[in-house]
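This briefing concerns a ligand and the pocket around it. Please look at the sequence and structure before reading on.

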Amino acid sequence: MQTLLIRNLLPADFEQISAVIDDWWGGRPMRAMIPRLFFEHFNPTSFAIGEPGQVIGFLIGFISQSQRDVAYIHFVGVHPGRRGEGLGRKLYEALFRVATEQGCSSIECITSPLNTGSIEFHLSMGFTLLTGSGQLHGVPVFLDHAAPGEHRVRFRKSLGVSDSDRSPQTK
Ligand SMILES: CC(C)(COP(=O)(O)OP(=O)(O)OC[C@H]1O[C@@H](n2cnc3c(N)ncnc32)[C@H](O)[C@@H]1OP(=O)(O)O)[C@@H](O)C(=O)NCCC(=O)NCCS
């Protein structure tokens with residue numbers, strides 16, 4: 001079986017990923033969310049699987065400029081035909097490693113409350129849902145977080161704590 005190496009995201013990845021992203025998100029218009037600057041200025045904390053032009057998974061992350069001990073995941077996507085193989089987990093673990101090496105103690109991200117697959121994925125990755133300002137379909141949300149009417153689920157995970165160390169309630 002082909003070995004899938006994780007490498008840092010490159011400026012050369014922009015065209016392909018930008019072109020496929022709406023499809024990978026089930027037709028949602030996401031392209032504007034990943035401008036070229038992420039492919040040029042966030043490379044040490046962003047990752048891809050596959051050669052430029054043939055990427056099957058990517059993650060865009062960074063270390064907060066405001067809170068140096070916090071890492072943030074802006075975007076993660078895996079080719080629809082390659083989901084469920086552990087690629088999303090590999091991409092996250094790559095960032096967990098780099099962020100920990102750089103002194104981060106936690107990592108955060110957000111998702112849409114409608115993206116139930118993403119919520120399940122983050123729970124599997126050891127994130128907890130932050131208590132928000134409301135609830136939607138039984139999930140805590142931060143109302144109007146992204147814009148009026150654009151509610152978001154917020155996640156946080158402590159770094160350097162293995163899953164087996166966490167108490168059962170937080171799993
Ligand atoms: C979310 C996404 C990145 C997951 O990638 P993936 O490669 O399929 O995930 P993995 O195979 O590494 O799964 C890791 C864990 O999450 C769980 N998981 C992943 N997707 C899941 C889903 N849709 N429902 C339930 N659990 C899910 C897996 O069961 C696995 O759990 P385990 O390791 O405890 O067995 C992928 O589905 C995707 O690209 N979705 C569209 C883009 C998106 O919504 N991104 C997130 C918001 S930015």
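Predicted model: local features only at pLDDT ≥ 70, side-chain atom pairs only at ≥ 80, totals over all residues.

Residues are numbered from 1 along each chain as its sequence is written, and side-chain values use heavy atoms, with hydrogens and water left out.

**Ligand contacts**

- The ligand is surrounded by 19 residues, counted when a heavy atom of the residue lies within 4 Å of the molecule.
- Val78, Gly84, Gly86, Arg89 and Asn115 are the closest of these.
- Polar contacts here are pairs of N or O atoms within 3.5 Å.
- A backbone N or O atom of Gly84 is 2.8 Å from a ligand oxygen atom, and one of Glu85 is 3.4 Å from an oxygen atom of the ligand.
- A polar backbone atom of Val76 lies 2.9 Å from a ligand nitrogen atom.
- On its own the ligand has 910 Å² of accessible area (Shrake-Rupley method, 1.4 Å probe), and the protein covers 71% of that.

**Shell around the ligand**

- Two or more shell residues come from each of β4 (70-78), α3 (87-101) and α4 (116-124); helices (H or I, at least four residues) and strands (E, at least two) are DSSP runs, numbered from the N terminus.
- α4 supplies the largest share, five residues.
- By class, the shell holds six nonpolar, nine polar and four charged residues, where Ala, Val, Leu, Ile, Met, Phe, Trp, Tyr, Cys and Pro count as nonpolar, Asp, Glu, Lys and Arg as charged, and the others, Gly among them, as polar.

**Largest pocket**

- A pocket is an open set of points on a 1 Å grid over the protein atoms alone, where a 1.4 Å probe fits, with protein on both sides within 12 Å along at least five of seven lines; lining residues have an atom within 4 Å of a point.
- The ligand sits in the largest pocket, meaning that more than half of its atoms lie within 2 Å of the grid points.
- The volume of this pocket is about 910 Å³, taken as the space filled by probe spheres set on the points.
- Its lining has 37 residues, and Trp25, Val76, Thr111, Asn115 and Ser118 lie nearest the centre.
- β4, α3, β5 (106-111), α4 and β9 (150-158) each give two or more residues to the lining, and β4 gives the most, with seven.
- The lining divides into 17 nonpolar, 13 polar and seven charged residues.

Note on methods:
Polar contact = N/O pair within 3.5 Å; in protein donor to acceptor, adjacent residues only side chain to side chain.
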